[in-house]
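Me: I have a model open and want to learn how to read it. Can we go feature by feature?

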Amino acid sequence: MRAEGGRAILIEGVEKAFGATRVLKGVSLTLRQGEFMALVGPSGCGKTTLLRIVAGLESADAGRVVIGGRDVTRARPADRDIAMVFQNYALYPHLTVAQNLAVPLAMRRLSALERLPLVHRLVPGNAARRRAIAARVGEAAAMLRIAHLLDRRPGQLSGGQRQRVALGRALVREPAAFLMDEPLSNLDAELRAGTRQEIVDLHRRAGVTTIYVTHDQVEAMTMADRVAVMMEGEVLQLGTPREVYDDPCDIRVAGFLGSPRINALPGIATENGVSLGTLALPLRAAAAPGSAVTIGLRPEAIRVAPLGLACRVEHLEYLGAETLLHARLEAPEARIVARLPVAAGEGLSRGDAVRLGADWERALVFGAD
Ligand code: ATP
């Protein structure tokens with residue numbers, strides 16, 4: 001058991017189908033103790049289903065889940081030592097923030113029948129127990145900077161504050177793992193950025209192993225120790241944000257991470273590199289000479305260059321700090337998006353001829369497979 005890690009999570013060969021639809025096709029992931037892992041992927045790729053299986057809210061058709069060294073594949077959610085935070089933070093509206101935070105503690109080791117009246121009364125046991133709970137609630141509230149809100153009810157809080165209370169409720173129990181499913185998606189952009197940082201800080205201080213589901217690549221890249229990129233029921237790549245961005249294992253991962261999307265240019269493998277139109281590029285291609293390859297080039301690696309590829313400006317997006325240039329490459333035919341310093345975009349307009357070069361050493365080459 002020790003070998004499976006203190007309070008780490010092991011997901012092994014998990015499969016799940018709903019009717020004829022295979023939603024998870026054998027997913028394996030290992031989280032180190034205290035690690036923050038973001039699970040990202042396009043809508044419908046199976047992220048939520050996987051998280052629900054880890055939580056015990058859904059059963060796997062095959063595979064197993066180990067949390068904190070214990071095989072919990074068949075354990076009830078309440079017996080898994082996890083806390084979940086969802087996008088719709090269901091708080092009890094008639095209870096104060098302090099009471100909402102106390103609920104998971106007060107309910108500990110109680111049966112479902114015993115729990116029900118407790119939510120309404122919330123007079124948990126004897127005075128010593130009450131004091132212990134109050135102390136723990138105070139700690140969690142301080143950590144989340146909501147101590148000044150303890151006497152309010154959810155209806156008197158902003159969306160961001162409510163979400164912090166929901167986080168606090170997950171935190172008070174000191175679980176082996178946090179499972180979060182798009183916890184910020186109901187917040188507006190500004191609050192989302194702030195709360196993002198709060199969750200990161202919280203994770204740093206509490207050190208609880210966390211799986212964070214999101215379809216937002218910025219959240220995944222900025223928050224996580226490692227990112228698991230999922231598509232169509234499979235984990236395509238697991239790595240640090242840098243690894244998955246700079247060295248994606250295939251064009252699907254490369255295309256999912258980065259905004260605007262990575263450019264995909266049609267090249268041909270040669271004896272000593274890759275050709276792109278008239279350019280011979282000294283890139284490493286694991287493909288037979290003569291075969292078609294895709295050259296992946298990030299928009300930020302492209303610049304205006306007198307000896308570059310001949311392109312035609314399609315349109316420009318001025319973003320204040322930079323300009324996005326959308327152009328059409330004439331031979332071979334392809335669309336290109338370049339992220340340019342504002343000065344480089346000045347003087348260009350739709351229909352103009354422009355030559356684009358790149359930091360070709362940053363280009364990625366993908367074979368047909
Ligand atoms: P999103 O980001 O949109 O929430 P997701 O990656 O979390 O997507 P899931 O919610 O895991 O995706 O869903 C994966 C697939 O499984 C989808 O095609 C969905 O329609 C299907 N699915 C999920 N739950 C059920 C269910 N209970 N019954 C039938 N199909 C389901």
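Me: Is His-203 buried or exposed?

Reply: Count C-beta atoms, placed from the backbone: 20 or more others within 10 Å means buried, 12 or fewer exposed, and in between partly exposed. His-203 has 21 C-beta neighbours inside 10 Å, so this residue counts as buried. One caution: this is a predicted model, where local features need pLDDT of at least 70, side-chain atom pairs count only at pLDDT 80 or more, and totals for chains, interfaces and linings use all residues. Residues are numbered from 1 along each chain as its sequence is written.

Me: Where does His-203 lie, and which residues does His-203 touch?

Reply: His-203 lies in helix α6, residues 189-206. Helices (H or I, at least four residues) and strands (E, at least two) are DSSP runs, numbered from the N terminus. A contact needs C-beta atoms, placed from the backbone, within 7 Å. Leaving out residues up to four places away in sequence, His-203 touches Phe-36, Val-208 and Thr-210.

Me: In what order do the strands of the open sheet run?

Reply: Strands pair if DSSP finds at least two bridges between them. Here six strands run β6-β7-β8-β3-β9-β10, with mixed pairing. The edges are β6 (82-85) and β10 (234-239), each pairing on one side only.

Me: How do β6 and β7 pair?

Reply: β6 and β7 (residues 177-181) are parallel, over four bridges. Ala-83 stands opposite Phe-178 in β7, and Met-84 has Leu-179 as its bridge partner there. Both faces of β6 are covered: Ile-82 and Met-84 on one side, Ala-83 and Val-85 on the other, are all buried.

Me: What pLDDT does the protein chain average?

Reply: pLDDT is the predictor's confidence in each residue, from 0 to 100. The chain averages 88, and 93% of the residues score at least 70. Over residues 112-120 the pLDDT is below 50. Where pLDDT is low, predicted coordinates should not be read in detail. The model scores ipTM 0.96 and pTM 0.85.

Methods
Contact = placed C-beta atoms within 7 Å.
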